[in-house]
Amino acid sequence: MSQELPAPIVNPDSQAYWDGARRDRLMIRRCAACGRMHFLPRYLCPACWSSDLEWIESCGRGTVHSFTIIRRAPLPAFTDRVPYVVALIDLEEGPRMMANILGEDALQTCIGDAVEVCFEERGDGGAKIPQFSRRR
Amino acid sequence: MSSSSTLRNRVAIVGVGESEIGKVPHMSGLGLNAQAAKRALDDAGLKVSDIDGLLTAYSFTEPYFMLGTVMCEYLGLQPRYNASMVVGGASPAVMLKHAAEAIAAGQCTTVLVCAGENRATGQTRDQAVAALTAVGHPYFERPYGPSIPGFYAMIARRHMAEFGTTSEQLAAVAVTSRRHAGLHPNAHMRAPITLADVLNSKPIADPLRILDCCLISDAGGAFIVTSADRAKDLAAKPAYLAGIGEFHTHEHIICAPSLTEFGAIQSGRAAYAMAGMGPSDIDVAELYDCFSIVPIIELEELGFCPRGQGGRFYEEGHAAIGGKLPVNTHGGMMSHAHAGSAGGLFGIIEAVRQLRGGLGPRQVDGAEVALVHNEGGILSSHCTLILTAQPR
């Protein structure tokens with residue numbers, strides 16, 4: 001018996017991120033004051049504490065900084081997916097995020113692989129989460 | 001800074017106690033804490049009424065909101081200093097620091113620090129794994145199904161890629177720890193294992209296998225801290241706190257500044273500076289070892305070997321009793337016990353025991369200075385401490 005995979009949890013910090021994902025766009029935060037970009041959305045810039053932040057669309061390309069192949073699922077919902085790849089992706093714009101590497105060749109993932117964003121539906125209301133696949 | 005303005009030589013650990021360890025279905029989590037506390041008090045030769053402070057951490061199996069206060073209630077204590085602290089695996093060392101600060105500031109005289117839970121029998125293995133998943137970021141990590149071993153596996157993978165660390169070197173950590181645990185009468189897992197056993201054990205999150213992972217134990221641990229002046233007159237030989245430091249860089253792995261450099265560098269430097277010592281002064285080290293990659297990184301960050309050489313340090317036998325720097329002489333969390341916040345506390349207990357001496361084949365000859373490192377989260381929160389057999 002498979003359980004539902006986790007759907008996005010939206011809060012005021014992340015509303016624009018998840019709205020973007022619904023439209024197949026990967027949104028990241030840029031600080032209008034210092035120009036730095038960060039991934040985890042929040043009220044202020046973690047580098048300079050300015051609250052003058054904007055959302056920009058990432059180009060969706062990145063590289064695998066590290067990864068693991070999960071052989072034992074942490075939650076019953078993921079049991080059917082085992083083995084699957086969990087990776088840390090360095091986006092071309094700089095910020096780092098987590099995603100699965102999807103696709104038939106996912107288990108061949110290596111550090112340094114070029115990857116590209118794709119979107120996976122989660123939940124029944126049209127919500128999506130960013131995912132990545134290896135670029136050929 | 002003069003030593004009088006730091007915590008150096010201001011306090012000592014004067015009593016230590018471990019509960020029954022392993023699968024202990026006849027005891028509750030609070031009961032394990034109480035048994036460890038009673039043993040620590042007896043060890044110190046103190047009376048219950050001497051305790052005027054209590055610090056504890058957290059429990060997944062008995063998740064009381066005010067665990068510190070609940071612990072006092074359970075133990076029948078009415079202290080003037082009390083808190084429950086949640087810095088993950090770093091909690092025991094951080095609690096020692098807070099206890100030392102409170103005693104040095106005159107807020108209390110004698111602090112009981114305890115932690116532990118019935119993690120092996122108080123919940124199913126799936127519940128234990130699911131509870132630990134809560135460490136992942138709820139919005140930006142958990143949708144991807146990572147596990148705690150998976151987080152550390154990504155760190156191990158990066159270490160392998162940058163420095164050439166091998167699976168055999170990771171396995172050497174598990175083998176060394178198990179050999180040490182075989183010399184400890186209360187360790188959870190004492191049967192020897194070989195490199196081949198580790199390398200053929202069940203894969204959990206590549207490159208980590210089940211024998212690269214810490215145990216899930218029922219266990220409680222406790223120690224008692226008092227002023228260095230008071231310590232001199234007590235039953236057990238005191239272990240003096242020479243230096244202690246902490247550092248915190250992130251909580252979730254997506255926000256880690258690096259996968260190969262962590263806050264043990266800064267916490268270690270602070271501890272060494274307070275103690276007026278360096279890595280070459282350390283006789284024995286009790287390092288946090290929730291996964292085999294972790295003590296490898298800590299050896300490097302704390303200055304015991306060059307960056308990238310931690311795996312080789314283990315492989316060449318330097319971390320074994322009788323080696324250059326014996327590490328985790330009780331067996332660590334991979335073989336002695338791991339029960340929630342108590343994991344790193346057993347390292348502190350073992351350091352005290354090594355400094356007291358008389359441990360038979362487990363004894364590190366001439367152990368005068370011990371270093372303990374605790375880390376919490378995903379190598380997120382760090383606390384390093386140095387204990388000495390004599391004030392210096």
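Predicted model: local features only at pLDDT ≥ 70, side-chain atom pairs only at ≥ 80, totals over all residues.
**Chain A**

- Chain A has one helix and eight strands, and from the N terminus on its elements run α-β-β-β-β-β-β-β-β.
- The radius of gyration of chain A is 16 Å, close to the 14 Å that the globule rule gives for 136 residues, so chain A is as compact as a globular protein of that length.
- Taken along the principal axes, the C-alpha atoms of chain A fill a box of roughly 45 × 35 × 25 Å.
- Buried residues make up 35% of the 136 residues in chain A, and of the contacts in chain A with a separation of 6 or more, 52% are between residues 24 or more positions apart.

**Chain B**

- Chain B contains 13 helices and eleven strands.
- For the 392 residues of chain B the globule rule gives 21 Å, and the radius of gyration of 19 Å is close to that value, so chain B is as compact as a globular protein of that length.
- The C-alpha trace of chain B spans about 50 × 40 × 40 Å along its principal axes.
- Of the 392 residues of chain B, 62% count as buried, and residues 24 or more positions apart account for 77% of the contacts in chain B with a separation of 6 or more.

**Contact between the chains**

- Across the two chains, 30 residues of chain A are in contact with 27 residues of chain B.
- On the side of chain A that touches chain B, the elements that give two or more residues are β4 (61–70), β5 (84–91) and β6 (96–102) of chain A, and β4(A) gives the most, with six residues.
- By class, the residues on this side of chain A divide into 20 nonpolar, five polar and five charged.

**Domains of chain B**

- Chain B is divided into domain 1 (3–122 + 217–231) and domain 2 (145–213 + 242–388), and the C-alpha centres of these domains lie 22 Å apart.
- Between them, 34 residues of domain 1 of chain B are in contact with 34 residues of domain 2 of chain B.
- On the side of domain 1 of chain B that touches domain 2 of chain B, at least two residues each are supplied by β1 (11–18), α3 (91–104), β4 (110–118) and β7 (218–227) of chain B, with the largest share, seven residues, coming from α3(B).
- That side of domain 1 of chain B has 17 nonpolar, eleven polar and six charged residues.

**Helix α6 of chain B**

- Helix α6 (residues 167–181) of chain B has 15 residues and reaches 21 Å from its first C-alpha to its last, close to the 21 Å expected at 1.5 Å a residue.
- Twelve of the 15 residues of α6(B) are buried, so this helix is largely enclosed by the rest of the structure; among the buried residues are Leu170(B), Val173(B), Arg178(B) and His180(B).
- The cover over the buried residues of α6(B) includes α5 (148–163), α7 (195–199), α10 (293–301), α11 (310–315) and α12 (332–335) of chain B.

**Backbone geometry and single residues**

- Most residues other than glycine have a negative phi, and most peptide bonds are trans.
- In chain A, a cis peptide bond with omega of about -5° joins Val82(A) and Pro83(A), and Pro83(A) lies in the loop between β4 and β5 of chain A.
- Asp24(A), in the loop between α1 (15–22) and β1 (27–31) of chain A, has a positive phi near 60°, and Asp24(A) is exposed, with 12 other C-beta atoms within 10 Å.
- Pro238(B) lies in the loop between α8 (228–231) and β8 (239–248) of chain B and counts as buried, with 27 C-beta neighbours inside 10 Å.
- Not counting residues up to four places away in sequence, Pro238(B) touches Ala12(B), Ile13(B), Val14(B) and Ala231(B).

Definitions and conventions. Residues numbered from 1 in each chain as written. Chains lettered and ligands numbered in written order. Domains from an automatic or database assignment. Contact = placed C-beta atoms within 7 Å. Helix = DSSP H or I, 4+ residues; strand = E, 2+ residues; numbered from the N terminus. Nonpolar A, V, L, I, M, F, W, Y, C, P; charged D, E, K, R; others polar. Rg over C-alpha atoms; globule rule 2.2 N^0.38 Å. Buried ≥ 20, exposed ≤ 12 C-beta atoms within 10 Å, placed from the backbone. Expected span 1.5 Å × (residues − 1).
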